[in-house]
Amino acid sequence: REFVLSPASSWLVDEHRTASGSPVLPGSAHVELLRLAAAAVAGRVTRLSHVEFLQPLVCEEPTVVRIQVKATGSACDVRLTSFQQGSGWVEHSRCMADASPVPAAGPAPASPPPFDAARATPEGSSVDQSGLLAFGPRWRNIRQSAFARESATALIELSPQFAGDLTGYELHPALLDMATSFALELVPRAASGAYVPAGYDEVVIHSSLPARFLSEAVLRSAAK
């Protein structure tokens, strides 16, 4: 699969910029683009493993992106590259994708946990990464949140004006990004700097992300 990525035509990079204004493809978009490419070759994808973000994909100008999928037994090796002037093809991310059976999703809570009224943002907010990143309106999707010592829950909701996005993305990049990063303050020393993902050990996909859902984050030390 090959396509041109540009901030003039894609919100994936236009609404996700460095503090200095450079459009950069978010890690969550890498995840969804890798999944889409694998699904186009192998059909339904239920699991991504060994997801690695190798190098940022900065799109100051229209950039040719190529996603290569290679079947390796029951899984697919998927790699996202872009053509850079002076460097040729540069690999930015990769993963293994397959359709192996996944465990049943746990039951949804009967009611949301008691949210902190002081954290309520009915108009939507995004994670404060002001020292590193600037987000567009699709990323302002955190409506409520509640924090305990080693866990946190957030109500994530895409603004109705962007509901049409959901027909094209199973893992909407802006929703996935905030759902997996809203609890950064649980991380020791998180206040001392901005954090960006290096990868995911595993992404298990039960179904498409809806426009509104609860996200729960637990520190790995507490989850063991």
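Contact is defined here as heavy atoms lying within 4.5 Å. The structure is a predicted model, in which local features require pLDDT of at least 70 and side-chain atom pairs count only at pLDDT 80 or more, whereas totals for chains, interfaces and linings use all residues. Residues are numbered from 1 along each chain as its sequence is written, and side-chain values use heavy atoms, with hydrogens and water left out.

Along the principal axes, the C-alpha atoms fill a box of roughly 50 × 45 × 35 Å. Among contacts with a separation of 6 or more, 67% join residues 24 or more positions apart.

Burial was classified by relative accessible area: buried means under 20%, exposed over 50%, and partly exposed in between (1.4 Å probe, protein chains only). By this criterion, 43% of the 224 residues are buried. The chain exposes about 11700 Å², of which carbon and sulfur atoms supply 53%; these areas come from the Shrake-Rupley method with a 1.4 Å probe, and for residues only the protein chains shown count as cover. The chain carries 18 positive and 22 negative charges, whose mean positions are 3 Å apart. In this count Lys and Arg are positive and Asp and Glu negative, while His and the chain ends are not counted. Each charge is placed at NZ of Lys, CZ of Arg, CG of Asp or CD of Glu.

Helix α3, spanning residues 173–181, is mostly covered, with 8 of its 9 residues buried. The buried residues of α3 are P173, A174, L175, L176, D177, M178, A179 and S181. In helix α2, R35 is buried at a relative accessible area of 5%. The side chain of R35 makes a polar contact with that of E170 at 3.5 Å. A polar contact denotes a pair of N or O atoms within 3.5 Å; within protein, one must be able to donate a hydrogen and the other to accept it, and residues adjacent in sequence count only if both atoms are side-chain atoms. Apart from residues up to four places away in sequence, R35 touches V45, L48, E170, L171 and I205.

The loop between α2 (27–42) and β3 (47–53) contains G43, which is partly exposed at 30% relative accessibility. G43 lies 55 residues from D98 in sequence, with a C-alpha to C-alpha distance of 9.2 Å.

Strand β3 includes R47, a buried residue with 15% relative accessibility. A polar contact of 2.7 Å links the side chains of R47 and E202. With neighbours within four places in sequence set aside, R47 is in contact with M96, A97, D98, S100, P101, V102, P103, E202, V203 and V204. By C-alpha positions, R47 and L166 are 20 Å apart in space and 119 residues apart in sequence. H50 is also placed in strand β3 but is exposed, at 55% relative accessibility. Although H50 is not a glycine, its phi is positive, at about 50°.

Between β3 and β4, the loop contains L54, which is partly exposed with a relative accessible area of 38%. L54 touches E91, H92, S93 and R94 when residues up to four places away in sequence are not counted. The C-alpha atoms of L54 and G199 are separated by 8.6 Å, the two residues being 145 apart along the chain.

Strand β4 (residues 63–72) contains T63, for which a relative accessible area of 7% gives the assignment of buried. The T63 side chain reaches the backbone oxygen of E61 at 2.8 Å. Leaving aside neighbours within four places in sequence, the contacts of T63 are with F3, V4, L5, L57, V58, S82, F83 and Q84.

Terms used: Helices (H or I, at least four residues) and strands (E, at least two) are DSSP runs, numbered from the N terminus.
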